[in-house]
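Please walk through the following structure with attention to how two parts of one chain meet.

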Amino acid sequence: MNDHLVAAEHEDWRLFLKKARANRSFQAGAIITLLIVAVATISLVWTPYDVSRLAIPERLQGPSGAHWFGTDHFGRDIVSMIMEGSRNSIAVALIAVGIGMVIGVPLGCWAAAKRGWIDEVFMRTSDIIFAFPALLSAVMITAIFGPGAVNAIIAIGIFNIPVFARVARGAALSLWPREFILAARASGKGPARITAEHILPNIANLLLVQGTIQFSLGILAEAGLSYVGLGAQPPATSWGRMLAEAQTMMAIAPQMAIAPGAAIIVTVLGLNLLGDGLRDVLDPKLRRQR
Amino acid sequence: MLAYTAHRLLIVLVTLLVASAVVFFVLEIVPGDPARLMLGLNATDDAVAALREQMGLNQPVLTRYFAWLAGMARGDFGESLTYSVPVTELIADRVIVSLPLALLALGLSTAIAIPVGIFTAARRGTRADTAAMAGTQLGIAIPNFWFALLLVYVFAVTLQWVPAGGFPGWDDGVWPGLRALILPAIALALPQAAILARVARSALLETLAEDYIRTARAKGLPANRVLWRHALRNAMIPVLTILGLQFAFLLAGTIIIENVFFLPGLGQLVFQAINQRDLIVVEGVVVLLVATVVIVNFLVDLAYAWADPRLRRR
């Protein structure tokens, strides 16, 4: 029986690879995403220049062999700053997705398992959270509790909770009337066990796709927050703050704004392509429709 | 329809009530005493205590919440702590910047997105479709404030066609004010247009796959007529939903764009008010924006139910 399961899993994996090979959006997204993660990892041990070292004589240089994207107003190498900044963007967005999943998914599954008034309260509560303009509320939270990476994570994470909860609830609701769930109930399993053993594995795909989308939204939100000075604080480097600094230099050194913007666009684009690709690869029904 | 409207209206009221309570009590736990902030660090404890008494800060929390709520129901949002003018007056001064900006951006976004959506859906699978969809992927990925910086550099700093920032007001006629809002509106509209175009395209494709479209084609209607008369109308429902959501997003989402262009809008007002711990202003603006979101969604829901009787049942 166990061999059977392993064989089936093997078959799933082969099917996934076959579809992934045919899906260009998935491939492009996966390559870009891996590249960004690699850059962030490398920056932990090595960057071309030390970003904490100021070199005023070398300030505001254009692109050159020594500085691919030039230097900023303190003479710091922009490539090195982009590398450092990628860590902050990834960390904030990823943890915010984690908060949304860890709190949202169980809530959504619980509402779907219980139905009735619990579900109603759940839906109305998420309606109320959705009524708050997310960006404004994130600005409010970080401004009130103090700017910084941790509060940015919380501010973005809070708005991920109802998103994941809604996705989990919707998917779980459609599974509950199915026969295999009925079989599990007949064999005496309780709602918690059914959710853990049968619902979660079947909605994992959807959650993964949503996670990728929220990840990319988180990168954009973090950039916005640190642009207005509410994200990561100096001496930490962030793409949003690099843009804010570039703005003050716009008239004399417009090239300073190009690299951080391009870094954000490439990252978000990569994650969106990956999400779209994953959805098509993992869900055969959707693929046939489009 | 009447029962449906009443049910939806009740939900709207409950949502607003809970949201106002959330805003009030979250700001209640904010560190920092407004009275001390107003008087400065050198103020004596007696002076602070006297001001607290005058501002009504010593009353129980619930009393203050209900007083605030009752005031808002009468259109009185209280008085700003730092400017000593009614909050409604402050908001009114800023709405005349933020509302035209949001409407302009919404109009631009729709004007770009709907034609793109129709064009790509009608030519699905062609190179033009692929290129346009790649374009929308890029549009979604571009942070609007970065796009705004580029626009400022090209059209304000280099070409000097429009001012780089600031807002002259509406006193000298429509044109100077509009000029100041063009770049921010474009910056806001582009990513929204990309999202809307994708929604319009997929909604149209879904409708085009319906049986009644096949019937229309089978009875010999020209393809264009099927697209414009039969498919487009039915595909507008998801498009309307997104439009409703985008209006609210644009009204509040201007907070960062206003920062780029130094526009005295609602976003800037909230920003200043938070920094000055002028909580009553923050509360007023947030409640107003939440109310806008809820009411716009309510109207969109009603529009559906009116257009599609099947939706009224729940």
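In this predicted model, domain 1 of chain B and domain 2 of chain B bury about 1500 Å² between them. Carbon and sulfur atoms account for 82% of that buried area.

The two partners are assigned as follows: domain 1 of chain B covers residues 2-73, and domain 2 of chain B covers residues 88-309. Taken over C-alpha atoms, the centres of the two domains are 32 Å apart. Domain 1 of chain B puts 18 residues into the contact, and domain 2 of chain B puts in 14 residues.

One salt bridge is found across the interface of domain 1 of chain B and domain 2 of chain B. R8(B) and D301(B) form a salt bridge, with 2.6 Å between their closest N and O atoms. The pair qualifies because a salt bridge requires a side-chain nitrogen of Lys or Arg within 4 Å of a carboxyl oxygen of Asp or Glu. For polar contacts between domain 1 of chain B and domain 2 of chain B, the count is one residue pair, with both residues at pLDDT 80 or more.

The side of domain 1 of chain B that touches domain 2 of chain B draws at least two residues from each of three helices of chain B: α1 (2-28), α2 (34-39) and α4 (61-73). Of these, α1(B) gives the largest share, twelve residues. By residue class, this side of domain 1 of chain B has 14 nonpolar residues, three polar and one charged.

Note on methods:
Residues are numbered from 1 along each chain as its sequence is written. Chains are lettered from A and ligands numbered from 1 in the order in which they are written. This is a predicted model: local features need pLDDT of at least 70, side-chain atom pairs count only at pLDDT 80 or more; totals for chains, interfaces and linings use all residues. Side-chain values use heavy atoms; hydrogens and water are left out. Domain bounds come from an automatic or database domain assignment. Contact means heavy atoms within 4.5 Å. Buried area is the accessible area (1.4 Å probe) that two parts lose on being put together, summed over both. A polar contact is a pair of N or O atoms within 3.5 Å; within protein, one must be able to donate a hydrogen and the other to accept it, and residues adjacent in sequence count only if both atoms are side-chain atoms. Helices (H or I, at least four residues) and strands (E, at least two) are DSSP runs, numbered from the N terminus. Ala, Val, Leu, Ile, Met, Phe, Trp, Tyr, Cys and Pro count as nonpolar, Asp, Glu, Lys and Arg as charged, and the others, Gly among them, as polar.
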